[in-house]
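I opened my notebook to look up a few things in this structure. I wanted the sheet, the helices around it and some side chains.

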Amino acid sequence: MELQRRKRVCLFGTSADPPTGQGGHLGIIQHLASMDFDEVWILPVYSHMFGTKRGKQAPFQARVEMCRLLVKDIPKAVVSEAERICFEKAADRLEGKEKSS
């Protein structure tokens, strides 16, 4: 039986507001993609941890789409909405607990 190597994934979290080119986000992602990772996941922040930045960013979906355009030619790059999905699931759980209380 042949053992399969686990996929090596690099997580790159960013506000991406806006995602920047060669001297910024793109350059970092290209460098990460050149390393020994199978995939580089770009994770735009859904709700910024700094209260002073919340509500002042471009809409999440706009930042996701800008990231997709930025990395369209990098095969290892995957733009993920994982942070939005986790945030929404947690909010749904909290709402469910409040309703049952």
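**Entry 1: aromatic pairs.** I first needed a rule: rings of Phe, Tyr and Trp pair if their centres lie within 6.5 Å, and planes over 60 degrees apart count as edge-to-face. I also noted that this is a predicted model. How many aromatic pairs does a search of the whole structure find? It finds two. I looked at Tyr46 and Phe60: the ring centres are 5.1 Å apart and the planes stand at 80 degrees, so this pair is edge-to-face. Tyr46 sits in the loop between strand S2 (39-44) and helix H2 (60-70), while Phe60 belongs to H2, so the pair ties together parts 14 residues apart in sequence. I then checked the cluster, and Tyr46, Phe60 and Phe87 form one.

**Entry 2: buried or exposed?** I looked up accessibility for the two rings. Tyr46 has 26% relative accessibility and counts as partly exposed. Phe60 has 8% and counts as buried.

**Entry 3: helix H2.** Which residues of H2 are buried? I found Phe60, Arg63, Val64 and Cys67. They span an arc of only 105 degrees around the axis, which puts them on the same side of H2. I recalled a general rule here: an α-helix has 3.6 residues a turn, so residues three or four places apart point the same way.

**Entry 4: the sheet.** I traced an open sheet of three strands in the order S1-S2-S3, with parallel pairing. S1 and strand S3 (77-79) are at the edges with a single partner strand each, so one side of each has no neighbour in the sheet. The twist averages 25 degrees from one strand to the next. I counted the bridges between S2 and S3, and there are three. Trp41 has Val78 in S3 as its bridge partner.

**Entry 5: helices on the sheet.** Helix H1 (residues 25-34) packs on the sheet and touches S1, S2 and S3. The direction of H1 makes about 170 degrees with that of S1. H2 also packs on the sheet, touching S2 and S3. The direction of H2 makes about 155 degrees with that of S2.

**Entry 6: Thr14.** Where is Thr14? I found this residue in strand S1 (residues 9-14). At 10% relative accessibility, Thr14 counts as buried. I looked up what the side chain of Thr14 reaches. The side chain of His25 is joined to that of Thr14 by a polar contact of 2.8 Å. Leaving out residues up to four places away in sequence, Thr14 touches His25, Ile42, Leu43, Pro44 and Val45.

Technical notes:
Residues numbered from 1 in each chain as written. Predicted model: local features only at pLDDT ≥ 70, side-chain atom pairs only at ≥ 80, totals over all residues. Heavy atoms only, no water. Phe/Tyr/Trp six-rings, centres within 6.5 Å; stacked < 30°, edge-to-face > 60°. Helix = DSSP H or I, 4+ residues; strand = E, 2+ residues; numbered from the N terminus. Buried < 20%, exposed > 50% of the residue type's maximum accessible area, 1.4 Å probe, protein only. Polar contact = N/O pair within 3.5 Å; in protein donor to acceptor, adjacent residues only side chain to side chain. Contact = heavy atoms within 4.5 Å. Arc of directions from axis to C-beta. Pairing = 2+ DSSP bridges. Axes fitted to C-alpha atoms, helices over the stretch in contact; angles between N-to-C directions.
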